[in-house]
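Please consult the sequence and the model shown here alongside the text.

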Amino acid sequence: MDTYVSNAIIMRVKEFGESDLLVTFFTADKGRLAGVAKGGRKSRKRFANCLDLFCLASLEYGQRRKGDLYLLESGRLINGFAGLRSDFASLSIASYMSELTETLFPQNVAEMAMFELLRDSFVAIDEGKGIDLVRICFEARAMTLGGYRISLDRCAKCGRPYAGVGRAVFMRNKGGIACLNCEKPSRNNPGLGPDAAKILGNMQSEAWEKIDLTALTADVVNEIRPVLKQHIEFRAGRPLKSARYLK
Ligand SMILES: [Zn+2]
């Protein structure tokens, strides 16, 4: 059996048989995988605290035949992110970020930048950074990494370049903006001011620690939130299950 060692975030854990655990984990180098931890419910030695939900761990695992479930051999905890499980709001946002990652990246699709985004966002929530800010930065960047960058350069209908002056309308079925001559804001197609458009553009292209969070005023956040909500729901074809637990 070939064995591998990867840094991974634990996304889901289910009891499996008498003493085993079925674990879904998102690795830095191989994407999302599922594996069985034999004796995982009892073995404190091989899996010391590292199979808790949303932990970051270094996991050793193997596969007998291609297509089989992986077998988890052992693990070493890197960061338990205890703060993610300490209150309902933190747990809810961590669940939501994990679900969006799963929605965007099917099994075995590796994306190092997505792993880093999820890990860094967990660090931020664990350290008590504002959930609303971390959420929109995560959403904008995750959608971009998943191939759904919102196009902010020109009107999706008439093609007129958008120079970052005046308001625009987000068109969810276009994944981009339209000018006010072509479209009026509505519930599904929320309006977007120039500040919000600029910051949204930055959030899409940069690791979010680099973004000037002081520019994210309440008004800007309130404009970007419905845009990302509509964008995600439209692309996913449904609201995410964990979204309903977010305020
Ligand atoms: Zn137009």
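The model is predicted, with local features requiring pLDDT of at least 70 and side-chain atom pairs counting only at pLDDT 80 or more, while totals for chains, interfaces and linings use all residues. Residues are numbered from 1 along each chain as its sequence is written. The protein chain is assigned domain 1 (2-80) and domain 2 (83-150 + 182-245), and five strands close into a barrel.

**Domains and their contact**

- Domain bounds come from an automatic or database domain assignment.
- The centres of domain 1 and domain 2, taken over C-alpha atoms, are separated by 27 Å.
- Twelve residues of domain 1 are in contact with 17 residues of domain 2, where contact requires C-beta atoms, placed from the backbone, to lie within 7 Å.
- On the side of domain 1 that touches domain 2, the elements giving two or more residues are β1 (2-16) and β3 (31-37); helices (H or I, at least four residues) and strands (E, at least two) are DSSP runs, numbered from the N terminus.
- The largest share of that side, three residues, comes from β3.
- By class, the side of domain 1 that touches domain 2 has eight nonpolar, one polar and three charged residues (Ala, Val, Leu, Ile, Met, Phe, Trp, Tyr, Cys and Pro count as nonpolar, Asp, Glu, Lys and Arg as charged, and the others, Gly among them, as polar).

**Barrel and strand pairing**

- The barrel has the strand order β1-β2-β3-β5-β4, with mixed pairing; two strands pair if DSSP finds at least two bridges between them.
- Neighbouring strands of this sheet are turned by 45° against each other on average, direction ignored; angles run from 0 to 180 degrees between N-to-C directions, and axes are lines fitted to C-alpha atoms, for helices over the stretch in contact.
- β1 and β2 run antiparallel and are joined by eight bridges, with Phe16 opposite Asp20 and Lys14 partnered by Leu22.
- The hairpin of β1 and β2 has three residues between the strands, and Gly17 there takes a positive phi near 65°.
- Strand β2 (residues 20-27) is joined to β3 by seven bridges, and the two run antiparallel.
- β2 and β3 also form a hairpin, with three residues between them; Val23 stands opposite Gly35, and Phe26 opposite Arg32.
- β1 pairs in the antiparallel sense with strand β4 (residues 56-63) over eight bridges, and Tyr61 in β4 is the bridge partner of Tyr4.

**Packing of α3 and α4**

- Helix α3 (residues 131-145) packs against helix α4 (residues 194-205) at an angle of about 60°, with the axes 7 Å apart.
- That angle makes α3 oblique to α4 (under 35 degrees counts as roughly parallel, over 145 as roughly antiparallel, 65 to 115 as roughly perpendicular and the rest as oblique).
- The crossing of α3 and α4 is right-handed, a crossing being left-handed if the near helix is turned anticlockwise from the far one by less than a right angle, and right-handed if clockwise.
- Ile136, Cys137, Ala140, Arg141 and Thr144 of α3 meet Leu200, Met203 and Gln204 of α4.
- The residues of the contact of α3 with α4 comprise five nonpolar, two polar and one charged.

How values were computed:
Contact = placed C-beta atoms within 7 Å.
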